[in-house]
Number of protein chains: 2
Amino acid sequence: MPDTLRRFKAEFFQALAHPTRIAILEQLRDGELSAGAIIEKLGMEQANVSQHLAVLRGKQIVVNRKAGNQVFYSVRDPLIIEVLDLMRKYFHAHLSEALAMLEEMEAHR
Amino acid sequence: MPDTLRRFKAEFFQALAHPTRIAILEQLRDGELSAGAIIEKLGMEQANVSQHLAVLRGKQIVVNRKAGNQVFYSVRDPLIIEVLDLMRKYFHAHLSEALAMLEEMEAHR
DNA sequence: AACATATATATGAATAATCGAATATGCTAA
DNA sequence: TTAGCATATTCGATTATTCATATATATGTT
């Protein structure tokens, strides 16, 4: 596999590598939502969510549609959702170790 | 979905978010390899590859087995390979845009 | 024991990601 | 036009990643 493709994949994973961006994709699982709706559901700062949406847009993981005042986002390809589902399976398969890792992470704060 | 799970997923994707680590996982797709074999196949610095192996180990994406002088690595759970396969499918589905993004990435150097 | 080989780790410098605050843009309504 | 709402962008400080260099550890060999 050429190195350019590896770099592209890495950039893609990088785009998924943030809890807020995962949360956004979960919200979009069942269809499109306006930016405002996402912000409200996540209960986070408008600018912050908008920055994360920009990252997802930049990698074409989500697409947007303007409707008057608002911008509606959706996941471009359901394969993305499949990836997240596989991850959930993975998480359940290794639940105890995953929890240990999380505790470890907590301890380091 | 609890925030802990989102953080876990994010950490996982973060671990995949580097071209060298993707390359390592590709090498391990067909079974275990010694650290030295991976280093040789990638043609990179020993210390650098070892650092990346440490990242993958830290997230339990790979496991290792010591045999005398050497350390053999393998992918812990075939689900990981499934994720990579899904990603490949994704890239093929969006190949032309992916290539455009790559050109973009190149231009920024 | 001394030495070689395989692998891991520590350190520091360069680069990139993140967040909040402030500001900008674009659309709609009056 | 002005005002107001929805969303995006810029800026700067903080924190995290990455790489190369140097060093450490562990095993094997003589």
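Which element gives the most to the surface near DNA strand C?

Modeller: That's α4(B), which gives six residues to the surface near DNA strand C. Before we go on, keep in mind that this is a predicted model: local features need pLDDT of at least 70, side-chain atom pairs count only at pLDDT 80 or more, and totals for chains, interfaces and linings use all residues. As for the labels, residues are numbered from 1 along each chain as its sequence is written, while chains are lettered from A and ligands numbered from 1 in the order in which they are written.

"Near" a molecule or strand is said of a residue whose C-beta atom, placed from the backbone, lies within 6 Å of it. Helices (H or I, at least four residues) and strands (E, at least two) are DSSP runs, numbered from the N terminus.

DNA strand C is surrounded by 24 residues, and the closest are Gly68(A), Ala35(B), Gly36(B), Ala47(B) and Gln70(B). Two or more residues each come from α4 (46–58) of chain A, and from α3 (35–42), α4 (46–58) and β3 (70–75) of chain B. Sorted by class, there are eight nonpolar, 15 polar and one charged. Here Ala, Val, Leu, Ile, Met, Phe, Trp, Tyr, Cys and Pro are nonpolar, Asp, Glu, Lys and Arg are charged, and the others, Gly among them, are polar.

Then take a look at the other strand, DNA strand D. At least two residues each are supplied by α3 (35–42), α4 and β3 of chain A, along with α4 of chain B. The classes here come out as eight nonpolar, 15 polar and one charged.

What about the two chains themselves? In chain B, 34 residues are in contact with 31 residues of chain A (contact means C-beta atoms, placed from the backbone, within 7 Å). On chain B's side, α1 (3–16), α2 (19–27), α5 (78–93) and α6 (95–107) each give two or more residues. The largest share of that side, 12 residues, belongs to α1(B). Its classes are 21 nonpolar, four polar and nine charged residues.

Next, follow β3 of chain A into its sheet. It's an open sheet of three strands in the order β1-β3-β2, with antiparallel pairing (strands pair if DSSP finds at least two bridges between them). β1 (33–34) and β2 of chain A stand at the edges with a single partner strand each, so one side of each has no neighbour in the sheet. Six bridges join β2(A) to β3(A), and the two run antiparallel. As an example, Asn64(A) has Tyr73(A) in β3(A) as its bridge partner.

Finally, step back to the loop between α4 and β2 (62–67) of chain A, where Gln60(A) lies. Gln60(A) isn't a glycine, yet it has a positive phi of about 60°.

How values were computed:
Two residues are in contact if their C-beta atoms, placed from the backbone, lie within 7 Å.
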